[in-house]
Structures are given as structure tokens and as C-alpha cells.
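Thanks for coming. I will go through one structure today, starting with strands, then the core, then the rings. Please have a look at it first.

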Amino acid sequence: MRPKKFLLVMPDYSDFPELFMKNLEKLGFQTSLITNKIPAYKYRGSERLVNFIRKNFLKDKSYKKKLIDQFEETEYARIIAELDEKFDYIFVIRPDSFPASFIEKLKNKTKKYIGYQWDGIEKFPEVKNYFSFFDTFFCFETVPGFSNVKETTNFYFDFDNYKAVQNPVPNIPPVFYFVGLDWEIRRTKINNFVEFAVNNDFKLDFYLQEFDKNNDKNPHIKYITKRITFAQNIEFVKKSDVLVDFVDPRQFGLSFRFFEGMYYRKKIITDNLMVKKYDFYHPDNIFVIENDNNAAILEFLKRPYQELPEQIVKKYSFSEWIFRMLSE
């Protein structure tokens with residue numbers, strides 16, 4: 001039996017395309033990849049002069065954007081034309097990162113067309129204009145009025161066949177790991193937790209990537225300008241004792257931290273109340289910050305990690321996750 005042909009279409013985001021491809025290839029798919037990394041637009045002929053005149057004398061600042069849009073349409077049309085085969089599956093992540101005309105035409109190149117939004121719908125509401133192109137579209141939330149839109153969760157990559165040791169040796173003091181964007185809206189709660197951790201002699205491995213301007217940086221946090229890759233993140237996860245998660249104020253659902261914690265058998269501290277609804281939630285493994293209950297973290301850390309049933313852990317692997325979406 002020939003391997004199924006699988007085309008992955010997604011933004012050129014950190015090392016995610018590479019990791020998706022590794023896991024798909026492990027599952028036996030014949031894989032191809034398209035990202036939104038296309039050549040940069042360059043002026044041709046008199047376009048630079050025309051843009052200067054229109055912007056400075058006619059107050060028309062839209063001319064260059066129109067040129068860029070036309071250039072991108074041409075580039076993606078060329079990519080479509082070069083696809084001389086039919087795929088069993090085309091899976092598109094963040095379709096709103098691509099021109100709508102490109103996403104619409106891709107449907108003619110596959111037997112099954114699936115979309116996935118790994119960000120909140122209202123964070124990028126333009127994606128709603130893409131729903132109708134797909135046989136099925138998956139996201140983290142219920143979207144009324146679209147019969148082909150279904151809910152899903154995040155996952156953990158399982159291409160490395162990692163098996164956590166049965167008795168991991170804890171760090172003393174315990175290492176708390178967090179990585180995220182430095183949004184002003186959640187600085188207070190992060191700083192409050194950092195103060196609690198420092199007062200209790202915990203070791204912090206906290207990384208915040210600059211996003212909103214911050215003139216009052218916390219000395220116990222490492223501020224970075226370049227995103228930590230997913231592969232680097234996993235190494236930090238493995239070396240830590242507790243994963244810390246603060247809700248992304250613009251996103252719905254659970255972050256990757258919960259699924260990494262399950263796979264690598266790490267405790268989690270979070271302010272995301274939604275986690276209590278999931279079948280993998282156990283109060284000895286996941287501590288939910290609410291009602292100023294930080295003091296209870298000390299007792300939480302003393303309790304041993306509770307092993308989860310293998311069927312629950314496996315349910316959230318990439319392999320199970322992708323096959324569920326392909327089958328619906």
C-alpha cells in the first residue's frame with residue numbers, strides 16, 4: 001500500500017514546521033510543506049517613483065500595499081501551479097496567514113481539506129472568512145453558525161518516543177520554568193508569583209519575550225528579544241520540576257505547557273481555571289491559582305506526582321490528535 005500523501009501548509013514560525021514534519025513522517029505519511037516564507041517584494045520599473053509621488057503629493061499611502069498584495073498573489077499562484085499532484089490530505093494551520101485566493105484554490109489539490117487555528121478566533125477574527133473553504137476546521141472554542149467548525153485541544157509531539165524515568169531526581173531547590181510574551185495585562189500576577197517564589201527560595205527559570213514596552217523589568221526574570229524555539233523549550237521542560245502557566249489574555253483553551261507536563265511528568269502551576277474540566281486534571285499534579293491561595297503551593301509541592309492512565313496520556317499525543325482530525 002502506498003503511503004498517504006500529506007501536504008502541510010503553515011506559517012514559518014520558529015521550528016514548528018520541522019517538528020510537525022518529523023511527527024508526520026514518523027507516522028508514515030509522504031509529506032510536503034508550504035510556508036508563508038516567500039521572497040520579499042522589490043520595486044520594479046517605475047514603481048518606486050510612482051509610490052513616492054502618490055504618497056507625498058496625492059496622500060495615497062495604499063499604493064505600495066497594493067503592489068505587495070499583487071506580488072504575493074502572483075507568488076502563491078506560482079506555488080499552486082507547481083503542485084502537479086493530488087494529495088490525500090492538505091492540512092492548513094493559521095490559514096489567515098495566507099491570501100484567501102490561495103487557500104481557496106488549494107482545495108482542488110486534495111481529497112480531504114482540513115484547517116486548524118492554534119490561536120484564539122477573536123484574536124485573529126479574519127480567519128472566519130476562511131472557514132467555508134475547508135471540509136472541517138478545528139479550533140479551541142465553539143464557534144456558532146459554522147457547522148464544519150469543531151473543537152480540539154493542543155497536544156505534545158511524540159516523534160522522539162520519549163519515556164520519562166520512573167523516579168526522576170528533583171532539583172533542590174525546585175526549578176520553576178515559564179516562558180511567554182511580556183504583556184502588560186498579566187505583569188502584576190507574574191510579579192506576584194515571582195515574589196512568592198523568591199521568598200520561599202525556589203529557583204526561577206522565567207523567560208519573557210518583549211512585547212509591550214516595559215520600563216520596570218523584574219530582576220528575577222530573563223527578558224529576551226528572540227523567541228525560544230520549541231526544541232529549546234523542551235530541554236528547559238525536561239530540566240525543570242514545575243511548569244508555570246499564566247493565561248494568555250487573548251487566547252482560549254490550554255497552552256502546550258499542560259500537554260508537555262503530562263508527557264514529561266512535570267507538575268504545573270497555573271491560573272487557567274479551565275484545566276479542572278479536563279480528564280487529565282489531578283490536584284496533586286496541577287495547582288490552580290485562585291482566590292489568593294499561593295500559600296497552598298507549599299503543600300502541593302510536597303505531594304508526589306500522580307501517574308495518569310496510559311490511555312489518557314496517549315490521547316493527547318500528536319499521533320492521536322492528527323488521526324482524530326483526519327478521520328472527521
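Before the first item, a definition: two strands count as paired if DSSP finds at least two bridges between them. This is a predicted model, so keep that in mind throughout.

With that criterion, take strand β1, residues 5-10, and strand β2, residues 30-35. They pair in the parallel sense, over 6 bridges. To get from β1 to β2 the chain passes through helix α1, residues 16-26, and this β-α-β crossover is right-handed.

Next, the core. In soluble globular proteins, nonpolar side chains tend to be buried together. Here the largest nonpolar core has 51 residues. Those with the most contacts inside it are Phe-6, Leu-8, Phe-20, Phe-91, Tyr-116, Phe-280 and Trp-321. Which helix gives the largest share of this core? That is helix α7, residues 256-264, with 6 residues. Apart from this core lies another, of 26 residues, and Ile-79, Ile-90, Val-92 and Val-149 are among them.

Let me stay with Trp-321 for a moment. Leaving aside neighbours within four places in sequence, Trp-321 is in contact with Phe-20, Phe-91 and Tyr-116, and also with Thr-152, Thr-153, Asn-154, Phe-155 and Lys-315.

Now the rings. A search of the whole structure finds 55 aromatic pairs. I will show two of them.

In one, the ring centres of Phe-16 and Phe-230 are 4.9 Å apart. Their planes are at 70°, and over 60 counts as edge-to-face, so that is what we call this pair. Phe-16 is in helix α1 and Phe-230 in helix α6, residues 230-239, which puts the partners 214 residues apart in the chain. Are these two buried or exposed? The cut-off for buried is under 20% relative accessible area; Phe-16 has 6% and therefore counts as buried. Phe-230, at 8%, is buried as well.

The other pair is Phe-20 with Trp-118, at 6.4 Å centre to centre and 45° between the planes, and this one is tilted.

Last, two lysines over rings. Lys-222 lies over the face of Tyr-207, at 5.0 Å from the ring centre. Lys-267 lies over the face of Phe-300, and there the figure is 4.3 Å.

Key
Residues are numbered from 1 along each chain as its sequence is written. This is a predicted model: local features need pLDDT of at least 70, side-chain atom pairs count only at pLDDT 80 or more; totals for chains, interfaces and linings use all residues. Side-chain values use heavy atoms; hydrogens and water are left out. Helices (H or I, at least four residues) and strands (E, at least two) are DSSP runs, numbered from the N terminus. A crossover is right-handed if, with the strands pointing away from the viewer, the path from the first strand over the helix to the second runs clockwise. A nonpolar core is a set of buried Ala, Val, Leu, Ile, Met, Phe, Trp, Tyr and Cys residues joined through side-chain atoms within 4.5 Å. Buried means under 20% relative accessible area, exposed over 50%, partly exposed in between (1.4 Å probe, protein chains only). Contact means heavy atoms within 4.5 Å. Rings of Phe, Tyr and Trp (its six-membered ring) pair if their centres lie within 6.5 Å; planes under 30 degrees apart count as stacked, over 60 as edge-to-face and the rest as tilted. A charge sits over a ring if NZ of Lys or CZ of Arg is within 6 Å of the ring centre and within 35 degrees of the ring normal.
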